Structures are given as structure tokens and as C-alpha cells.
Amino acid sequence: MISEDSLSDLFERAVRDLDPPVTAIVAEAARRGRRLRKRRRAWKALGGGSAAALTATAVVAGTSLVHTQGPSLVSAGSAGSSASANPTGTPVASATSSASSSVSATPPSASSSPTVSSNPGNGAMPTIASGYQMPVAQMLAALRHLLPAGSTLGYINPYATEPGSLEVDYIDGRGAADIQIMVAPTAMFSPLSCPTPLWKDEGSRPQGALPISCAMRTLPDGSLERDAVYYADAYGFYAYSVYVNRPDGVTVDVEVGNGILHGLPQVTRAQPPGSMSEWAALAENPVWQLKKGWHLGS
């Protein structure tokens with residue numbers, strides 16, 4: 001009969017003999033989990049759903065929950081209007097002008113009529129075919145070029161950064177702030193709209209925080225844009241959010257928080273840096289592209 005101690009030794013030897021070692025397995029599982037959550041965030045971002053199911057894993061991973069709360073979204077009814085969410089905030093000098101015109105590098109060409117090779121149904125999450133995402137190095141170079149003079153980038157989250165997806169700390173001398181950018185086919189996102197009613201805070205909003213808001217607008221080039229100030233999570237973390245659905249079938253998602261997401265959310269300021277209009281200009285810049293010939297995977 002095997003004793004409890006013998007059984008424990010057996011399990012310990014089995015773990016030690018694993019190839020790759022258990023630590024590598026756990027680390028890779030964590031990385032994969034964060035990547036999948038990032039992709040599912042894009043797929044379910046604008047469709048509401050329950051935050052409860054994701055709360056524990058997202059907190060452990062240091063992932064923002066700003067997309068997961070609220071009822072199913074409905075048509076905003078104002079997509080063609082000139083309404084714009086432009087809450088005041090600490091100005092980011094020259095961000096609008098630089099985001100509009102100062103990108104000297106020629107962006108990669110996007111297909112004017114990209115091929116969508118699959119049309120997932122039954123709630124399946126579509127994916128872009130491998131090799132067409134915007135490279136991380138190119139995303140970082142574009143972001144650095146569009147940021148105001150004097151600002152820098154700090155910690156890059158390796159668990160949320162891969163081609164087409166970037167999470168990095170923005171440093172302007174007033175406390176670090178989390179920036180998340182995703183460039184992906186619009187087909188990977190739920191239909192763009194504002195929720196009715198708007199989101200509700202999960203925790204206390206920092207004193208001096210911007211109010212929750214959401215506005216839809218149509219840009220001169222036909223892009224549909226949603227500008228929002230999200231709810232505060234249990235730690236007081238919230239963010240600006242800008243989605244731009246472009247006519248070429250590409251969506252740019254930019255989020256700028258009032259703190260960082262290393263482990264648990266850490267609030268570093270009452271308001272995210274800059275203003276909605278400045279981050280919207282950054283999101284609207286044509287530098288954010290997929291490689292020519294992109295298509296959805298099967």
C-alpha cells in the first residue's frame with residue numbers, strides 16, 4: 001500500500017522530471033491566457049456582458065476590466081451627428097498637431113478591399129491570418145513619434161504585447177499611465193455604439209476624475225468613431241477609450257488610463273494624461289495599418 005509520503009514524493013519527482021519544467025509551463029500558460037484575454041477583449045469589447053466571470057483572472061493578470069462591464073450595447077442613434085466627447089484634461093502639448101501631420105515614416109499600405117476569408121458564426125471569435133498584423137517595433141516607433149515632446153515610454157507589458165497589440169507605460173513626469181493600442185480588422189470587434197444607460201463605477205472614482213461619458217461621431221473620411229471615458233474599477237482605475245472604425249475595414253483601439261496595470265491596477269493621477277481630442281487624433285492617424293493583403297483566418 002502506497003503511503004501518503006510516498007505518493008507525495010512520486011508527484012514531486014514527476015513535476016521535477018517534466019520537460020519543459022513546470023515553471024516554464026506555468027509561465028507560458030499565463031502568457032497565453034493574457035493573449036487570449038486581449039483578443040477576447042477586442043471581440044467582446046463593445047458587446048457588454050458580465051464582468052464577474054473575468055474579474056479574478058483579469059486582476060491576477062493586471063488586465064484592465066474597462067471593457068467588460070455594462071449591459072449589451074445598443075445603437076447610439078447619433079453616429080452621423082457632430083457630437084463629440086471632449087472632456088477637459090491636462091493638455092498634452094502638440095499631440096493633436098503631431099498626430100495629424102508629423103509622421104514622417106511612410107506607413108505600410110493597407111488593402112483598399114481586404115479579403116475576408118471567413119465569417120465566423122455562433123459567437124466564434126475571428127482571427128486575422130498570421131503575418132499581417134502591425135509589428136510591435138513599428139507600433140512603438142509610431143507611438144513615440146506621435147507623443148508630445150518630452151514624454152517617454154516605460155515598461156512594456158510582455159503579456160499584452162504582440163503584433164497588432166501593444167501595452168506600455170506613458171511617462172510625462174506626472175506619474176506613469178497605461179496605454180493600450182490594438183490595430184485589427186473591424187470584423188474582430190462587436191458593432192460600435194454607446195451603451196444605454198452608460199456604465200456604472202465598480203469602485204470609488206478618484207477625486208477630480210472625469211465623469212463617465214460616451215459619444216459617437218462620423219469623421220470626414222467616413223470612419224465611425226466612439227470616444228468614451230470609462231467607469232472606474234474597484235481600484236479607481238479608469239481610462240479614455242477611442243475606437244475608430246475605418247472604411248478600409250481596420251479598427252484602431254486606443255485606451256489611456258489614470259494609472260498603471262502592473263499586477264493590480266495602481267492609480268497615479270485623478271485623470272488620464274492629455275484630453276480626449278488629442279488621443280482621438282492619435283487614433284485617427286493613418287500610421288496604424290495592417291499589412292497589405294490582410295485577411296481573416298479560417
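In the predicted model, Asp248 occupies the loop that connects strand E6 (239–245) to strand E7 (250–257). The relative accessible area of Asp248 is 18%, and because the limit for a buried residue is under 20%, Asp248 counts as buried.

The protein as a whole contains 6 helices and 9 strands. Of its 298 residues, 45% are buried. Among contacts with a separation of 6 or more, 69% are between residues 24 or more positions apart. The accessible surface amounts to about 13700 Å², and carbon and sulfur atoms contribute 57% of this area.

Side chains of opposite charge can pair when their charged atoms come close. The count of salt bridges in the model is 6. One of them joins the side chains of Arg269 and Asp172, with an N to O distance of 2.8 Å. Arg269 is located in the loop between strand E9 (266–267) and helix H6 (276–284), and Asp172 in the loop between strand E2 (165–171) and E3, so this pair ties together parts that are 97 residues apart in sequence. Arg269 is buried, with a relative accessible area of 12%, whereas Asp172 is partly exposed at 26%. Another salt bridge is formed by Arg205 and Asp201, whose closest N and O atoms are 2.7 Å apart. Asp201 is partly exposed, with a relative accessible area of 33%. Salt bridges that share partners also join Arg217, Glu225, Asp227 and Glu284 into one network. Arg205 has a further neighbour in Tyr238: Arg205 lies over the face of this residue, at 4.3 Å from the ring centre.

Helix H6 has 7 buried residues out of 9, and it is therefore largely enclosed by the rest of the structure. The buried positions in H6 are Met276, Glu278, Trp279, Ala280, Ala281, Leu282 and Ala283.

A pair of aromatic rings is described by the distance of the centres and the angle of the planes. There are 3 aromatic pairs in the model. In one of these, the ring centres of Phe189 and Tyr243 are 5.7 Å apart and the planes stand at 80°, so the arrangement is edge-to-face. Phe189 belongs to the loop between E3 and E4 and Tyr243 to strand E6, and the pair thus links distant parts of the chain, 54 residues apart. Both Phe189 and Tyr243 are buried. The rings of Trp199 and Tyr230 are likewise edge-to-face, because their planes are at 70°, with the centres 4.9 Å apart. Since Trp199 lies in the loop between E3 and E4 and Tyr230 in the loop between strand E5 (224–229) and E6, this pair ties together parts that are 31 residues apart in sequence. Trp199 is buried, with a relative accessible area of 7%, and Tyr230 is buried with a value of 1%.

Most peptide bonds are trans. The bond between Thr196 and Pro197, however, is cis, with omega at about 0°. Pro197 is found in the loop between strand E3 (177–185) and strand E4 (213–218).

Methods
Residues numbered from 1 in each chain as written. Heavy atoms only, no water. Helix = DSSP H or I, 4+ residues; strand = E, 2+ residues; numbered from the N terminus. Buried < 20%, exposed > 50% of the residue type's maximum accessible area, 1.4 Å probe, protein only. Contact = heavy atoms within 4.5 Å. Areas by Shrake-Rupley, 256 points an atom, 1.4 Å probe, with all protein chains shown as cover. Salt bridge = Lys/Arg side-chain N within 4 Å of Asp/Glu carboxyl O. Phe/Tyr/Trp six-rings, centres within 6.5 Å; stacked < 30°, edge-to-face > 60°. Lys NZ or Arg CZ within 6 Å of the ring centre and 35° of its normal.
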